[in-house]
Amino acid sequence: MTEEDSELFRKELADVQPLAPGGRIPATERRPPTPGQLYRREAAQRGQAGDENRLPTVFVQPVHPEAILSFKRAGIQNGVFRRLQRGEYAIEAMLDLHGLTVEQARHEVYRFIGDCLRYDVRLALISHGKGRGNKDGRPLLKSFLARWLPMFPEVMAFHSAQRWHGGTGAVYLMLRKSAAQKEQTRRRLGLSSGKPEP
């Protein structure tokens, strides 16, 4: 820097006043992240890890411990759904989530549904409990399960179980038929290309 530049710099700063010794700018109050921010943060972390499981583990609408969980996609016949509600179908696979954390349950549910689809399981039972083991008595796993299950396009319907299968602490789960199962049904009914055979 030349003498001329230094003189110009001193002139520019001539009217600048130094801050008072104790004068600090108060830090703004840090607010906790919103549910939306938590969800985006979690989704970004899962994306980096290459996790195919997109089930969220933050911000869930809590359900009552005795609430009946019920869901039915369009196309499921009312009679089929009533039989599901009454527990009249044979249970082909079961998953027990008792004692798991939300993150562990998230992995188990994702794996379990994948396995059910792989082995052509049509009806399953997931036992989630009512949150009696939690400090606040909230059914956390039940609340998350109510949010997660509709996220699977292969889940056609679910309903809280009958008393002998766990009542409102468990849920019946009906999965989409595989192509092989559909073909089996067509053959059993004597259908070919959707038309009755002569």
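At what angle do α4 and helix α5 pack, and how far apart are their axes? Here are some notes on that and on the rest of this predicted model.

1. **The helix pair.** To take the opening question directly, α4 and α5 (residues 140–148) pack at about 40 degrees, and their axes are 11 Å apart. Angles under 35 degrees would count as roughly parallel and those from 65 to 115 as roughly perpendicular, so the two helices are oblique to each other. The crossing of α4 past α5 is right-handed.

2. On the α4 side you will find V102, A105, R106 and V109, which meet L140, L141, F144, L145 and W148 of α5. Sorted by class, this contact has 8 nonpolar residues, no polar ones and 1 charged residue.

3. **The rest of α5.** Do have a look at which residues of this helix are buried: L141, K142, S143, F144, L145 and W148. As a group, the buried residues of α5 pack against β3 and β5 as well as α4.

4. **The largest nonpolar core.** This core has 27 residues, and the members touching the most others are V109, I126, L149 and L173. Two or more residues each come from β2 (93–96), α4, β3, α5, β4 (155–160) and β5 (170–175). The top contributor is α4, with 6 residues. As general background, nonpolar side chains in soluble globular proteins tend to be buried together.

5. **L173 up close.** If you set aside neighbours within four places in sequence, L173 is in contact with I113, R122, L123, A124, I126, L149, V155, A157 and F158. Another core lies apart from the largest one; it has 11 residues, including I76, L84, M156 and A170.

6. **A backbone point to check.** D120 has a phi near 55 degrees, which is positive although the residue is not glycine. Most residues other than glycine have a negative phi. D120 sits in the loop between α4 (102–118) and β3 (123–127), and D120 is partly exposed, with a relative accessible area of 30%.

7. **The chain as a whole.** There are 6 helices and 7 strands, and starting at the N terminus the order of elements is α-α-β-α-β-α-β-α-β-β-α-β-β. The chain has 198 residues, of which 32% count as buried. Among contacts in the chain with a separation of 6 or more, 68% come from residues 24 or more positions apart.

Conventions
Residues numbered from 1 in each chain as written. Predicted model: local features only at pLDDT ≥ 70, side-chain atom pairs only at ≥ 80, totals over all residues. Heavy atoms only, no water. Helix = DSSP H or I, 4+ residues; strand = E, 2+ residues; numbered from the N terminus. Buried < 20%, exposed > 50% of the residue type's maximum accessible area, 1.4 Å probe, protein only. Axes fitted to C-alpha atoms, helices over the stretch in contact; angles between N-to-C directions. Parallel < 35°, antiparallel > 145°, perpendicular 65-115°, else oblique. Left-handed = near helix turned anticlockwise from the far one by under 90°. Contact = heavy atoms within 4.5 Å. Nonpolar A, V, L, I, M, F, W, Y, C, P; charged D, E, K, R; others polar. Core = buried A, V, L, I, M, F, W, Y, C linked by side-chain atoms within 4.5 Å.
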